[in-house]
Amino acid sequence: MLRKTRFFIFGSISGILCLVCTSNNLYASSIGMQLPSCQAGAITLNIDQKIASTSGMSHDAADLTFINSRTTSCSITTRPEISFLNGGKRPLPIAFRTENLSDSQSTLKEITIPAGGKAKMRLRWVSQKLFDKNLCYKTSFLALVIQGEQTRIAFKNKICGDKTKGVVYETSLLTPDSKSGV
């Protein structure tokens, strides 16, 4: 009986140690560990604006890829804060469009980006004068803002909106990229 107890205790302890040592989110979440939040400096951004199916009719779009450049997994909200900057790297008054969000779009949660892994979201905006009273901004950078810190990438575009309602953009929710192979 003593021998079985020792084996059971040893097996349990070694299993917990193994789970704690891994960076795999499935193991971490199964024992209730909370992953650290992604830091802006740990995320590399890539933008793909060659999306023929979403451009046109005075709109433009881009796929935004977030790459976790660290050696450990981290968590991030499905709608991270994005800011558009001018050439002087100062924020432009362009807001996320909150009108007409479905329940699934308005319910935010945390997702995990594994070490070296990717997550993607689609960004969409009005790119031409479309309103009776137009207001357009020329952007130079797009910034991901996390806890007051940012990482940015060149983003030279024109984003327009109604002068009385403001200039807005839309995004899909950030989702893990199943093709990242991690």
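## Exercises on a predicted model

Setting aside neighbours within four places in sequence, Asn-68 is in contact (heavy atoms within 4.5 Å) with Ala-42, Ile-43, Ser-73, Cys-74, Ile-113, Pro-114, Ala-115, Gly-116 and Gly-117. The model is predicted, so that local features need pLDDT of at least 70 and side-chain atom pairs count only at pLDDT 80 or more, whereas totals for chains, interfaces and linings use all residues. Residues are numbered from 1 along each chain as its sequence is written, and side-chain values use heavy atoms, with hydrogens and water left out.

### Exercise 1: the disulfides

Task: find the disulfides (pairs of cysteine sulfur atoms within 2.5 Å), and state for each what parts of the chain are tied together.

Solution. A search of the whole structure gives two disulfides. One of them joins Cys-38 to Cys-74, with an S to S distance of 2.0 Å, and with 85° about the S-S bond this link is right-handed. Cys-38 lies in the loop between helix H2 (25-30) and strand E1 (43-48), while Cys-74 lies in strand E3 (residues 74-77), so the pair ties together parts that are 36 residues apart in sequence. Both Cys-38 and Cys-74 are buried.

Turning to the other pair, Cys-136 and Cys-160 have sulfur atoms 2.1 Å apart. The torsion about the S-S bond of Cys-136 and Cys-160 is about 105°, and so the disulfide is right-handed. Cys-136 counts as partly exposed because its relative accessibility is 27%, whereas Cys-160 counts as buried at 1%. When the bonded cysteines of the protein chain are numbered in sequence order, the pairing reads 1-2, 3-4.

### Exercise 2: strand E8 and its partners

Task: describe how E8 pairs with E4 and E9, given that two strands pair if DSSP finds at least two bridges between them.

Solution. Strand E4 (residues 81-85) and strand E8 (residues 134-146) run antiparallel and are joined by five bridges; within this pairing, Leu-85 has Phe-141 as its bridge partner in E8. E8 also pairs with strand E9 (residues 149-162) in the antiparallel sense, over twelve bridges, and here Val-145 stands opposite Gln-150 in E9. The hairpin of E8 and E9 has two residues between the strands, and in this hairpin Gln-147 takes a positive phi near 50°, although Gln-147 is not a glycine. Gln-147 counts as exposed because its relative accessibility is 60%.

### Exercise 3: the largest nonpolar core

Task: identify the residues that touch the most other members of the largest nonpolar core, and trace the contacts of Ile-76.

Solution. A nonpolar core is a set of buried Ala, Val, Leu, Ile, Met, Phe, Trp, Tyr and Cys residues joined through side-chain atoms within 4.5 Å. The largest one has 29 residues, of which Leu-45, Phe-66, Ile-76, Phe-84, Leu-142 and Tyr-169 touch the most other members. Strand E7 (residues 118-126) gives the most to this core, with four residues. Apart from its neighbours within four places in sequence, Ile-76 is in contact with Cys-38, Phe-66, Lys-109, Glu-110, Ile-111, Ile-113, Ile-146 and Leu-174.

### Exercise 4: confidence

Task: state where pLDDT stays under 50, pLDDT being the predictor's confidence in each residue, from 0 to 100.

Solution. For the protein chain, the mean pLDDT is 80, and 73% of its residues reach 70 or more. Over residues 1-31 pLDDT stays under 50, and for these residues the model has eleven contacts beyond four places in sequence.

Definitions and conventions. Buried < 20%, exposed > 50% of the residue type's maximum accessible area, 1.4 Å probe, protein only. Pairing = 2+ DSSP bridges.
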